[in-house]
Each structure stands twice: as C-alpha cells, then as structure tokens.
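The sequence and coordinates are shown first.

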Amino acid sequence: MESYLTEAELASIQHLHKRAPFVVQGISHGMFSIARHYGGMTFQGESYAYNPPTDECIRNDVLLAVEKLRRKDDLAALEQKEQP
C-alpha cells in the first residue's frame with residue numbers, strides 16, 4: 001500500500017516528537033475503523049486526520065509540516081520554471 005508520505009518527507013520530519021506514531025495505516029481493517037466516519041481520531045493524546053485514498057490517519061502536526069514542505073517545493077519549482 002502506498003503511503004501519503006514519501007521517504008524524503010519522512011526523513012525531513014524526524015525532528016517532531018515520537019511519543020505517538022506519525023501514521024496509522026490500515027484504518028478500515030482495525031480497531032480504528034470508526035475514524036473513517038468521523039474524519040479522524042485521537043490516539044495517545046494526539047489528533048489524527050483520516051486520508052481516504054491511502055486508508056491511513058496522519059498525525060495533524062506531521063500533516064501540517066509535510067504540507068508546508070510541499071508548498072515550499074511547489075513554489076521553488078514554479079520560480080525555477082519562470083526563469084529563462
């Protein structure tokens with residue numbers, strides 16, 4: 001199963017705390033399946049958002065950090081494309 005996070009993104013977020021997992025996979029086939037209906041869950045005191053295409057819950061602080069990285073990369077690619 002493909003994850004929402006790439007290997008490079010996982011490597012770049014290692015500075016975040018590890019008291020709770022970054023990602024919980026296989027949501028629809030386990031005890032966290034209720035998260036599908038509510039769009040997320042709380043596990044070990046951390047909030048997670050459900051991602052339907054990959055059937056996983058991603059910790060909210062991880063999601064924010066990865067989205068920030070992706071915006072930064074998109075902006076850099078756009079600037080590079082605009083230069084002659």
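Is arginine 59 buried or exposed? In this predicted model, arginine 59 is buried, with a relative accessible area of 0%.

## Salt bridge of arginine 59

The side chain of arginine 59 meets that of aspartate 61 in a salt bridge, with an N to O distance of 2.6 Å. Aspartate 61 has a relative accessibility of 25% and therefore counts as partly exposed.

Two salt bridges are found in a search of the whole structure. One of them joins the side chains of glutamate 9 and arginine 70, at 2.6 Å from N to O. Because glutamate 9 belongs to helix H1 (residues 7–12) and arginine 70 to helix H3 (residues 60–82), this pair ties together parts that are 61 residues apart in sequence.

The accessibility of each partner was also computed. Glutamate 9 counts as buried at 11% relative accessibility, whereas arginine 70 counts as partly exposed at 24%.

## Sheet and helix packing

Four strands form an open sheet in the order S1-S4-S3-S2, and their pairing is antiparallel. Strand S1 (23–25) and strand S2 (40–43) are the edge strands, each pairing on one side only. From one strand to the next, the twist averages 25°.

Strand S2 and strand S3 (residues 46–51) run antiparallel and are joined by four bridges. Glycine 40 has alanine 49 in S3 as its bridge partner. Helix H3 packs on the sheet, where it touches S3 and strand S4 (56–59). The direction of H3 makes about 80° with that of S4.

Notes:
Residues numbered from 1 in each chain as written. Predicted model: local features only at pLDDT ≥ 70, side-chain atom pairs only at ≥ 80, totals over all residues. Heavy atoms only, no water. Salt bridge = Lys/Arg side-chain N within 4 Å of Asp/Glu carboxyl O. Helix = DSSP H or I, 4+ residues; strand = E, 2+ residues; numbered from the N terminus. Buried < 20%, exposed > 50% of the residue type's maximum accessible area, 1.4 Å probe, protein only. Pairing = 2+ DSSP bridges. Axes fitted to C-alpha atoms, helices over the stretch in contact; angles between N-to-C directions. Contact = heavy atoms within 4.5 Å.
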